[in-house]
Each structure stands twice: as structure tokens, then as C-alpha cells.
Amino acid sequence: MRKFLVMLDDSRECLNAMRFAAMRASNSGGAVTVLAVVPPNEIQHGFGVAEVMRAEAYERIEAHFEVFAKWMRMRPKVEPELVIREGDPAEQLLAYLHEDPEVGIVAMGMGSDRSAQNPVLTRLLRDTASLPCPITIVPADISKERLEAIT
């Protein structure tokens with residue numbers, strides 16, 4: 001089975017990357033793994049605050065994931081898997097790729113705003129020679145109809 005790995009974040013381009021991964025998985029008998037990473041700056045340490053902040057971050061991620069998961073279950077009929085990690089998002093994505101040999105494609109969204117950099121995508125493109133699988137870059141402005149046609 002081939003897994004499509006996609007990162008969950010609050011960006012607009014994440015939506016089309018999710019759609020692409022789910023539709024490709026559905027059309028090829030694959031699966032979708034959604035990776036969410038809590039950056040270290042979202043969890044402050046000291047006097048029990050870290051655990052409360054961690055729990056809030058996980059709850060927020062799970063609620064966000066559930067929106068995508070509901071659509072995936074109903075429309076392309078894919079049951080996504082959620083993986084939550086803590087640390088630098090690019091480092092965690094690279095680590096996960098090397099840990100899970102079933103990941104066949106990473107779907108990354110790319111915004112049309114050239115001034116906004118995606119540090120995870122920048123890091124992946126810098127390290128393409130060492131990646132264990134290909135990256136598919138999904139434009140944020142591509143229509144649902146076009147995504148359906150190409151998947």
C-alpha cells in the first residue's frame with residue numbers, strides 16, 4: 001500500500017494538498033497520513049504551564065484534523081491517520097519519512113504569494129537528494145475541478 005503524507009497546518013495551501021492526497025489515495029488504493037507538528041515555541045516550560053499548553057495544542061490539531069478527516073471519509077472514502085509530533089516541522093517531517101517506509105509521496109501545498117515562504121517546503125527542496133520518496137507540490141490556487149481531473 002502506498003501512503004500519501006501531507007502536513008496539517010493553518011495555511012490556505014494545506015487545503016489543496018489534503019484534497020490531492022485524499023483523491024490520489026482513493027484512486028490508487030492508498031492511504032493518507034496527516035502529520036501535524038507542534039513547534040517548540042508553542043509550548044512554554046515552567047510550573048505546569050507546558051502540559052496545559054501541550055494539551056491545548058493537541059486538542060486544536062485534533063479538531064482541525066477532524067474537519068479534513070470527515071471530508072476524506074465521506075467523499076473520497078479514505079480513512080486518514082493522524083500523527084502528532086513536537087519540534088521543528090521540517091525536521092519532524094524528514095524524520096517521519098525515514099521512519100515509515102510505506103510513505104510513497106509527500107503532498108505539499110504551495111501558495112501563490114511569493115513573499116510568504118514555506119520553511120518546510122524550502123527545507124525539503126534543499127534536501128531532495130536524500131529523500132526516500134518524491135514530493136508533489138500542489139498549487140493553492142488550483143480548482144477542485146482541476147484537482148479531480150488530475151488525480
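Let me begin with helix H1, in which Glu13, Cys14, Asn16, Ala17, Met18, Arg19, Phe20, Ala21, Ala22, Met23, Arg24 and Ala25 are buried, where buried means under 20% relative accessible area, exposed means over 50% and partly exposed lies in between, computed with a 1.4 Å probe on protein chains only. Before I go further, this is a predicted model, in which local features need pLDDT of at least 70 and side-chain atom pairs count only at pLDDT 80 or more, while totals for chains, interfaces and linings use all residues. Residues are numbered from 1 along each chain as its sequence is written, and side-chain values use heavy atoms, with hydrogens and water left out.

Taken as a whole, H1 is mostly covered, since 12 of its 16 residues are buried. What covers these buried residues includes S1, S2, H2, S4, S5 and helix H5, which is 144–150, and the contact meant here is heavy atoms within 4.5 Å. After H1 comes Gly29, whose phi is positive, near 70°.

Now to the sheet. In what order do the 5 strands of the open sheet stand? The order is S3-S2-S1-S4-S5, and the pairing is parallel, where two strands count as paired if DSSP finds at least two bridges between them. The edge strands are S3, residues 81–86, and S5, each of which pairs on one side only. On average, neighbouring strands of this sheet are turned by 25° against each other, direction ignored; axes here are lines fitted to C-alpha atoms, for helices over the stretch in contact, and angles run from 0 to 180 degrees between N-to-C directions.

With S1, residues 3–7, S4 pairs in the parallel sense over 4 bridges, and with S5, residues 135–139, it pairs in the parallel sense over 5 bridges. Leu5 has Val106 as its bridge partner in S4, and Val106 also stands opposite Ile135 in S5, whereas Val6 stands opposite Ala107 in S4.

H2 lies across S2 and S3, running at about 155° to S3. Helix H3, residues 89–99, packs on the sheet and touches S1, S2, S3 and S4, its direction making about 130° with that of S3.

What about the interior? In soluble globular proteins, nonpolar side chains tend to be buried together. Here the largest nonpolar core has 30 residues, and those with the most contacts inside it are Val6, Leu8, Met18, Val32, Val34 and Met72; such a core is a set of buried Ala, Val, Leu, Ile, Met, Phe, Trp, Tyr and Cys residues joined through side-chain atoms within 4.5 Å. The elements that give two or more residues to this core are S1, H1, S2, H2 and S4, and H1 gives the most, with 8 residues. Apart from it lies another core, of 18 residues, among them Leu5, Tyr96, Leu97 and Leu121.

Finally, the charged pairs: the structure holds 13 salt bridges, each being a side-chain nitrogen of Lys or Arg within 4 Å of a carboxyl oxygen of Asp or Glu. Glu81 forms one with Lys3, the closest N and O atoms being 3.6 Å apart. Because Glu81 lies in strand S3 and Lys3 in strand S1, this pair ties together parts that are 78 residues apart in sequence. Is Lys3 buried or exposed? At 11% relative accessibility, Lys3 counts as buried, while Glu81, at 35%, counts as partly exposed. Lys3 also forms a salt bridge with Glu102, with the closest N and O atoms 3.9 Å apart, and Lys3, Glu81, Asp100 and Glu102 are linked in a network of salt bridges.
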